[in-house]
Amino acid sequence: MPAETFEFQVQARQLLQLMIHSVYSNKDVFLRELVSNASDALDKLRLEALRDDTLDSDTSDLHIAIEVDKDARTLTVRDNGIGMSYEEVGRLIGTIANSGTAEFLRELREAKDAAGAEGLIGQFGVGFYSGFMVADEMTLVTRRAGETQGTRWSSRGEGTYTLDTVEDAPQGTAVTLHLKPADPENQLHDYVSPWKIREIVKRYSDFITWPIRMVPDKGEGDSEPEPETLNSMKALWARSREEVSDEEYHELYKHISHDWRAPLETVRFQAEGTFEYQALLFLPEHAPHDLFTEGHRRGLQLYVKRVLIMDDCEALLPPYLRFVKGVVDAQDLSLNVSREILQQDRHIRMIQRRLTKKVLSSLKSMRAADAQRYAGFWREFGAVLKEGLVTDADNREAILDVASFASTHDEEPTTLQQYVERMKDGQDDIYFMTGESRQAVESSPHLEAFRARGIEVLLLSDPVDEVWADAVGEFQGKRLRSVAKGEAGLGAEDGDSAEGEREQRNEEYAGLLGWMKEQLEEDVKDVRLSSRLTVSPACVVSDDHDLTPALENMYRAMGQEVPRSKRILELNPDHQLVKGLNQAYKQSEDRTGLVGTAELLHGLAVLAEGGRPKDPGAFVKLVADRLERAL
Ligand code: ADP
């Protein structure tokens with residue numbers, strides 16, 4: 001079959017252009033990426049051979065080889081791992097599967113300077129393609145274990161690549177880079193220099209558990225050259241802390257997570273005794289784009305006695321810690337254990353419990369050590385961690401302990417502890433308000449009286465906030481209360497006289513309130529005077545045990561049927577509009593003219609909390625009509 005030529009996807013082409021005109025200053029990392037892919041391919045073959053003993057493959061000497069040819073100026077990274085089929089090469093190498101890529105390219109175009117662009121590349125990584133930083137042509141020859149025919153892929157990184165079948169390809173993959181011309185000023189840094197290769201492998205790939213052998217250039221001497229193993233292959237998690245540099249940890253993190261940046265924090269854990277295991281966990285600095293989509297779970301690996309047996313082992317940590325990457329190496333597990341069995345395994349459950357506590361306590365120390373850095377972490381992952389408040393009652397305290405919230409106190413996020421310390425005399429509850437964004441929450445009318453009295457309110461705007469506050473209920477004996485639910489509970493400010501005044505007012509408004517309740521019956525279950533408003537004419541609130549509108553919508557979005565719960569309309573008796581309406585109500589026999597005003601008040605209240613009037617068209621007509629009359 002003759003070689004076929006294919007076009008790169010638009011996105012892949014754009015990415016390649018970037019690589020060729022390299023915005024990334026540290027070109028050495030291309031080798032790390034190719035070695036990392038080769039190592040993954042060896043892991044995959046070993047796993048597959050373990051599960052399927054009919055697989056026709058050779059696993060006797062799994063390794064990575066780096067070969068250079070100075071005269072031809074080529075560098076080859078070869079592995080005898082799983083390899084790829086013809087179809088896989090087209091799918092995996094010809095396109096860019098990463099769903100974040102489109103977004104990445106958009107951000108990259110918007111990045112003004114080279115430093116910004118480099119940061120972005122660091123964030124996404126582009127694996128295999130990084131070879132084009134140093135090569136003007138790349139060729140890949142591969143044969144999938146168990147198959148007889150191989151595939152050759154080749155590209156100059158411009159618009160196209162070719163695919164071709166080959167008959168005598170060895171098992172695994174060889175990637176050959178046709179290097180760009182050498183810089184005569186800088187011979188030592190040329191990628192055909194054994195010294196350079198040794199240095200790069202040592203720096204970035206020492207921990208790789210497979211041997212990485214350098215095969216010297218045949219032209220170097222007369223005798224057949226001896227391959228040299230470049231890496232120590234020592235598992236970092238099995239070595240003592242003093243023996244391992246931060247950089248080495250970081251490289252392991254990058255290899256596992258496919259993140260190009262260093263992790264924010266490294267967490268080590270050793271369990272000794274009857275069930276022995278070691279864990280080396282990493283907290284990333286930035287949340288990936290797919291953190292909230294189903295199926296996100298790249299990078300928590302399970303080893304058994306130094307042998308990788310599962311990638312993405314979700315049983316090791318609860319879902320709310322799904323952003324944690326790393327390695328867990330256990331001594332006494334079966335090598336061919338399945339995911340289903342792991343979920344049930346007593347030891348795995350024990351590991352999960354211990355690691356969860358360890359991660360949470362590390363977060364606590366991290367915050368104590370550097371509040372600023374911790375704030376960055378919380379911005380990225382707080383919304384995920386808060387899921388644990390709902391799903392992991394055992395660790396609720398520990399999660400609350402490290403949680404931060406926006407608040408009306410000031411711009412800085414606060415802990416619940418700090419909130420409690422600032423509570424006013426006579427304040428029994430912790431108040432919060434939920435909504436779509438800090439801004440929407442902050443300008444909602446429900447906060448008015450709290451603000452006027454200087455009572456702090458937490459401003460919660462993550463979707464999960466709607467759920468956990470109810471689930472948690474209280475903190476240090478203080479009830480968590482939504483300012484948009486139930487009676488405001490602000491009480492009278494100055495004792496009996498205010499209480500008396502309130503009664504008088506209720507009497508004064510009794511007629512209007514009853515009449516409005518009838519008029520708005522379809523939408524509200526009660527109309528009453530409010531103690532939470534100082535500026536706005538009206539607001540809507542829920543009963544203590546009602547679902548909030550946002551929560552109702554969430555359940556509906558998840559396909560659950562929930563009855564629409566009616567809310568309570570509260571009026572501000574000090575507002576001119578409300579006062580005027582009451583007067584008009586008292587003076588008129590025929591009140592049909594007032595119905596519109598009642599509906600208007602209700603619509604305004606819904607809008608003010610960021611909601612949507614039931615019939616926006618009718619509402620707009622009503623407003624336009626009133627404005628016209630006022631002209
Ligand atoms: P990433 O490694 O981040 O997924 P790459 O562009 O480096 O992205 O590689 C894309 C895919 O191509 C890999 O996920 C893997 O499935 C496949 N691949 C790359 N190199 C090899 C290799 N040496 N052996 C087998 N498969 C490979």
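Two strands are taken as paired where DSSP finds at least two bridges between them. The legends below describe close-up views of a predicted model.

**Figure 1. The five-stranded open sheet.** The sheet is built from 5 strands in the order S15-S17-S16-S19-S18, and its pairing is mixed. Strand S15 (406-407) and strand S18 (474-475) are the edges; each has a single partner strand, so one side of each has no neighbour in the sheet.

Figure 2. Ile430 has Leu480 of S19 as its bridge partner.

**Figure 3. The hairpin of S18 and S19.** Here the two strands pair in the antiparallel sense, with 2 bridges between them. Glu474 faces Arg479 of S19 across this pairing. The hairpin has 2 residues between its strands, and Gln476 adopts a positive phi near 50°.

**Figure 4. The nine-stranded open sheet.** A further open sheet contains 9 strands, arranged in the order S1-S6-S5-S4-S7-S3-S2-S8-S9 with mixed pairing. Its edge strands are S1 (4-7) and S9 (228-229), each of which pairs on one side only. Within the sheet, S2 and strand S3 (residues 74-79) are antiparallel and share 6 bridges. One of the facing pairs places Ile66 opposite Val77 in S3.

**Figure 5. The salt bridge of Arg213 and Asp61.** In the whole model the count comes to 41 salt bridges. One of them joins Arg213 to Asp61, with the closest N and O atoms 3.0 Å apart. Arg213 belongs to strand S8 (residues 212-215), whereas Asp61 is in the loop between H2 and strand S2 (64-69); the pair therefore ties together parts that are 152 residues apart in sequence.

**Figure 6. The domains and the contact of domain 1 with domain 2.** The chain is divided into domain 1 (4-229), domain 2 (236-374), domain 3 (404-482) and domain 4 (499-630). Domain 1 contributes 27 residues to its contact with domain 2, which contributes 19 residues. The size of an interface is often given as the accessible area lost when the parts come together. Between domain 1 and domain 2 the buried area is about 2100 Å², and carbon and sulfur atoms give 56% of that area. On the side of domain 1, Arg32, Leu50 and Phe207 lose the most area to domain 2, and together they account for 25% of what that side buries.

Figure 7. The side chains of Arg32 and Glu251 meet in a salt bridge, at 3.3 Å from N to O. Across the interface, 4 residue pairs are in polar contact. Four helices, H2 (29-51), H4 (101-110), H5 (114-124) and H6 (194-205), each supply at least two residues of the side of domain 1 that touches domain 2. Helix H2 gives the most to that side, with 11 residues. By residue class, the side of domain 1 that touches domain 2 consists of 10 nonpolar, 7 polar and 10 charged residues.

Definitions and conventions: Residues are numbered from 1 along each chain as its sequence is written. This is a predicted model: local features need pLDDT of at least 70, side-chain atom pairs count only at pLDDT 80 or more; totals for chains, interfaces and linings use all residues. Side-chain values use heavy atoms; hydrogens and water are left out. Domain bounds come from an automatic or database domain assignment. Contact means heavy atoms within 4.5 Å. Buried area is the accessible area (1.4 Å probe) that two parts lose on being put together, summed over both. A salt bridge is a side-chain nitrogen of Lys or Arg within 4 Å of a carboxyl oxygen of Asp or Glu. A polar contact is a pair of N or O atoms within 3.5 Å; within protein, one must be able to donate a hydrogen and the other to accept it, and residues adjacent in sequence count only if both atoms are side-chain atoms. Ala, Val, Leu, Ile, Met, Phe, Trp, Tyr, Cys and Pro count as nonpolar, Asp, Glu, Lys and Arg as charged, and the others, Gly among them, as polar.
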